[in-house]
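Keep the sequence and the 3D view side by side.

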Amino acid sequence: MGVAGTGKTTVGRLLADALGLPYVEGDAFHPPANVAKMSAGIPLDDADRRPWLDAIGAWLGARPADRGSVVASSALKRAYRDRLRTSAPDAVFVHLTGERPLIERRMAARTGHFMPTTLLDSQFATLEPLQEDELGVAVDVSGSPEEITERALAALTTLPADHRPTPPHES
């Protein structure tokens with residue numbers, strides 16, 4: 001989770017590979033109207049996000065209970081994460097955090113993404129960092145994607161043993 005430009009897709013894929021878990025891009029669950037709105041530089045509101053969060057939650061809820069997965073999703077507000085936990089109560093969040101200038105530079109350098117840099121302020125304004133009672137870790141996004149992934153993996157080991165993501169069992 002995190003604001004646009006923190007590396008959710010790149011780090012999410014690396015994290016999924018490291019853990020031997022399936023990866024899915026949360027943006028793929030946005031209805032076309034949401035993509036059009038963001039492409040036009042218009043921030044999504046809570047009503048726009050509900051069907052998107054429900055689609056991600058449905059995908060997570062359909063996963064076998066003993067198998068994990070990695071989903072890249074902004075999940076900026078506590079209410080959004082709570083909505084996801086309705087379908088996936090054991091969800092663990094990795095909050096990718098960073099300073100605005102770094103994230104803006106990364107957003108400006110990427111190509112082929114519908115989210116314009118102009119929406120970064122609205123993302124930061126909406127962001128509610130993980131709270132103490134939420135299962136997850138915060139990870140700084142400075143450095144390479146591999147360094148960020150290593151920090152995320154190390155941070156996940158600090159969670160209670162029954163909530164640490166583990167690779168699927170070999171059969």
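What follows covers a helix, a strand pair, the nonpolar cores and one threonine.

This is a predicted model, in which local features need pLDDT of at least 70, side-chain atom pairs count only at pLDDT 80 or more, and totals for chains, interfaces and linings use all residues. Residues are numbered from 1 along each chain as its sequence is written, and side-chain values use heavy atoms, with hydrogens and water left out.

Start with helix 3, residues 46-61. Helices (H or I, at least four residues) and strands (E, at least two) are DSSP runs, numbered from the N terminus. Helix 3 has 16 residues and reaches 21 Å from its first C-alpha to its last. That is close to the 22 Å expected at 1.5 Å a residue; the expected span is 1.5 Å times one less than the number of residues. At its start, a side-chain oxygen of Asp-45 comes to within 3.1 Å of the backbone nitrogen of Ala-47.

Which residues of helix 3 are buried? They are Asp-48, Arg-49, Trp-52, Leu-53, Ile-56, Gly-57 and Leu-60. Buried means under 20% relative accessible area (1.4 Å probe, protein chains only). These residues cover an arc of only 150 degrees around the axis, so they sit on the same side of helix 3. The arc is taken from the directions from the helix axis to the C-beta atoms. An α-helix has 3.6 residues a turn, so residues three or four places apart point the same way. The cover over the buried residues of helix 3 includes helix 2 (32-39), strand 2 (70-72), helix 4 (78-87) and helix 6 (120-126).

Now the strands. Strand 3 (residues 93-97) and strand 4 run parallel, joined by five bridges. Two strands pair if DSSP finds at least two bridges between them. Thr-97 stands opposite Asp-140 in strand 4. Along strand 4 (residues 136-140) the side chains alternate.

Next, the cores. A nonpolar core is a set of buried Ala, Val, Leu, Ile, Met, Phe, Trp, Tyr and Cys residues joined through side-chain atoms within 4.5 Å. The largest has 21 residues, and Met-1, Val-3, Ile-56, Leu-84 and Phe-93 have the most contacts inside it. Helix 3 gives the largest share of this core, four residues. Apart from it lies another core, of 18 residues, among them Leu-19, Val-94, Val-139 and Leu-159.

Finish at Thr-126, in helix 6. Thr-126 is buried, with a relative accessible area of 19%. Not counting residues up to four places away in sequence, Thr-126 touches Leu-76, Lys-77 and Tyr-80; contact means heavy atoms within 4.5 Å.

Technical notes: Buried means under 20% relative accessible area, exposed over 50%, partly exposed in between (1.4 Å probe, protein chains only). A polar contact is a pair of N or O atoms within 3.5 Å; within protein, one must be able to donate a hydrogen and the other to accept it, and residues adjacent in sequence count only if both atoms are side-chain atoms.
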